[in-house]
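Here's a quick briefing to read with the model open beside you.

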Amino acid sequence: MASIEPVSMSDKVPDRIPIEEVYMRMAEELAKRSTCARLQVGSVITTGDLTQVLGIGYNGNARGLPNRCDSTQPGSCGCLHAETNAVIKAGAQLPGKVMFISASPCVMCAKMIINANVRRVYYREAYRDAAGLDVLRQGEVEVVHYNRWRDLWR
């Protein structure tokens, strides 16, 4: 498998949309399917070389249950997180995966991401509690706040 190379942060605008931006936009589009009343989140997991999508997810209730939150209280809505749904589909065996999330992960999702062999996480917006980002870093997962090309190619 190809190694993961850091995103180029040059000031030059690329000729075409970067693949990282494509996956981030996929995560944002998936978030629109979320039934969570408080925060809609989408997630995409790819191979380390960014050539294959391994899993997708968005937050919502479990399959077969009502498409709504169980509670309006933050932290008790009962929705599965987007990261959880994507990891369930992508599995944990393949090392070096890359994850794109529309909002940074909570602490529990960060721990799951570490155990799922994800090596780099791109996120668009910061979650209200940044502790999940600290957990990722402690688990030696590279964290990238990816907002560079958000307004181009629209």
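This is a predicted model: local features need pLDDT of at least 70, side-chain atom pairs count only at pLDDT 80 or more; totals for chains, interfaces and linings use all residues.

**Cysteines**

- A disulfide is a covalent bond between the sulfur atoms of two cysteines.
- Take Cys 36, which is in no disulfide; its nearest cysteine sulfur belongs to Cys 69 and lies 4.0 Å away.
- Cys 36 counts as buried, because its relative accessibility is 8% and the cut-off for buried is under 20%.
- Cys 77 has its closest cysteine sulfur in Cys 79, at 3.7 Å, which is too far for a bond, since a disulfide needs the two sulfurs within 2.5 Å.
- Cys 77 is buried as well, with a relative accessible area of 14%.

**Helices α2 and α3**

- Two packed helices are described by the angle between their axes and the distance between the axes.
- Here the pair is α2, covering residues 82–90, and α3, covering residues 107–115; their axes come within 9 Å and cross at roughly 20 degrees.
- That angle makes α2 and α3 roughly parallel to each other, because anything under 35 degrees counts that way.
- As for handedness, α2 passes α3 in a left-handed crossing.
- On the α2 side, the contact is made by Glu 83, Thr 84 and Val 87, while α3 brings Cys 109, Met 112 and Ile 113.

Notes: Residues are numbered from 1 along each chain as its sequence is written. Side-chain values use heavy atoms; hydrogens and water are left out. Buried means under 20% relative accessible area, exposed over 50%, partly exposed in between (1.4 Å probe, protein chains only). Axes are lines fitted to C-alpha atoms, for helices over the stretch in contact, and angles run from 0 to 180 degrees between N-to-C directions. Helices (H or I, at least four residues) and strands (E, at least two) are DSSP runs, numbered from the N terminus. Angles under 35 degrees count as roughly parallel, over 145 as roughly antiparallel, 65 to 115 as roughly perpendicular and the rest as oblique. A crossing is left-handed if the near helix is turned anticlockwise from the far one by less than a right angle, and right-handed if clockwise. Contact means heavy atoms within 4.5 Å.
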